[in-house]
Amino acid sequence: MTGTGDASATARGPLAGVRVLDLTSVIMGPVCTQILADYGAEVVKVEPPDGDVMRHAGNKRVAGMGAMFLHANQGKQSVVLDLKRDGDIDTLRTMLPAFDVLVHNVRPQAMVRLGLDEASVRALNPNIVYAELTGYAAGGPMHGRAAYDDVIQAQAGLADLFARQTGGAPQYVPTLIADRVTGLTAAHGIIAALFARQRTGRGETVRVSMFETIAAFVLADHLGGASFEPPAGPMGYSRLLTPHRRPYRTRDGYIAAVVYNDKHWRSFFEAVGDLATFERDTRFQSAAARAENYDAIYGYLADVMTTRTTDAWLDLLQTADIPCARVNRVEDLLADAQLRAVGFFDERDFGDAGQRRIAARFRSPAASEAFTAPAPGLGRTATPDGK
């Protein structure tokens, strides 16, 4: 085993003093444990000799410190253990009594082979919070199978929703939404388990699976008529599925705008000088009427938006207090006035990381006000200056 330092001495935040043994890799699990680190927990990440595979993903200036790894492993310590060697497994087992939480996204059958399944771990530390992140929940025919973001997006209906809304082919959301939503879900489950342990003195078990998490995420919007028995109509939320729910083309570009409630619609028609249409056409006048006519009312907006430039619409809609925004490229976020004003970006010089890294991440109001230390080198503890 290699590893140095003790981050707990300087930890701050609501989870300060909580120790997390992190047996996760790729994105889903590391997102979960980074949230815990952001809240002040001491997170010790166990990596194989070659490191987490995500160390090699994305742009990098230093080998083993790729962008994807940097943004899912901040504030952690790294230790190297080869779990193919009995000696290193024994070392890991001796570490367990010192931790409050064990988090893993290893397939359950592999954890049994390693002697790190829930029963074996509880024999060593009865009060530990045991968190298991999997692709599919136990009890189903797919439990134990590998799962990746693309597969889960397809299986949970998310890719098909694009086809249904656009009339084109199924598509993936071009961000790792299944991994990140599942990681976030697991993090708040662990926090709840720690709270329960504080009240009962007993360790809890947290099991979170990607497929079921994202199926719930999708169906919360789109179960629709199937929410009732007998069904009260088709599945799918029509406001989200209308082909006109997309950035609106303007005279010189695109704009996002949400004309949503009664006040918004009256203000919109007043702003464009056409209040008579609003007062004459009942489809715009109430939430119930709009819910039956999303294609028509959003189609109207799509036509009207082509009559002015993007800047003209932004001025007009902001004055009318209607939510709107320019359609940014991801590159535009680096200079975004709102993000800059709130100190969203961390641009310290991290020394031996060989780069001036921008940590574009959200900082929870409940977490420490100070930025977390950067992601660690393999077998190291990252200090605030990256050394």
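Modeller: Ring pairs link Trp265, Phe268, Phe269, Phe278, Phe284, Tyr300 and Trp313 into a cluster. This is a predicted model, in which local features need pLDDT of at least 70, side-chain atom pairs count only at pLDDT 80 or more, and totals for chains, interfaces and linings use all residues. Residues are numbered from 1 along each chain as its sequence is written, and side-chain values use heavy atoms, with hydrogens and water left out.

Biologist: Why is the pair of Trp265 and Phe269 called tilted?

Modeller: Rings of Phe, Tyr and Trp (its six-membered ring) pair if their centres lie within 6.5 Å; planes under 30 degrees apart count as stacked, over 60 as edge-to-face and the rest as tilted. The centres of Trp265 and Phe269 are 6.2 Å apart and the planes are at 35°, so the pair is tilted. Both residues are buried, that is, under 20% relative accessible area, where exposed is over 50% and partly exposed lies in between (1.4 Å probe, protein chains only).

Biologist: What makes the pair of Phe268 and Trp313 stacked?

Modeller: Their planes are 10° apart, with 5.9 Å from centre to centre; planes under 30 degrees apart count as stacked, hence the name. Phe268 and Trp313 are also buried.

Biologist: How do you know that a charge sits over the ring of Phe99?

Modeller: The rule asks that NZ of Lys or CZ of Arg be within 6 Å of the ring centre and within 35 degrees of the ring normal. The charged end of Arg19 sits over the ring of Phe99, 4.3 Å from its centre. Arg308 likewise lies over the face of Trp313, at 5.1 Å from the ring centre.
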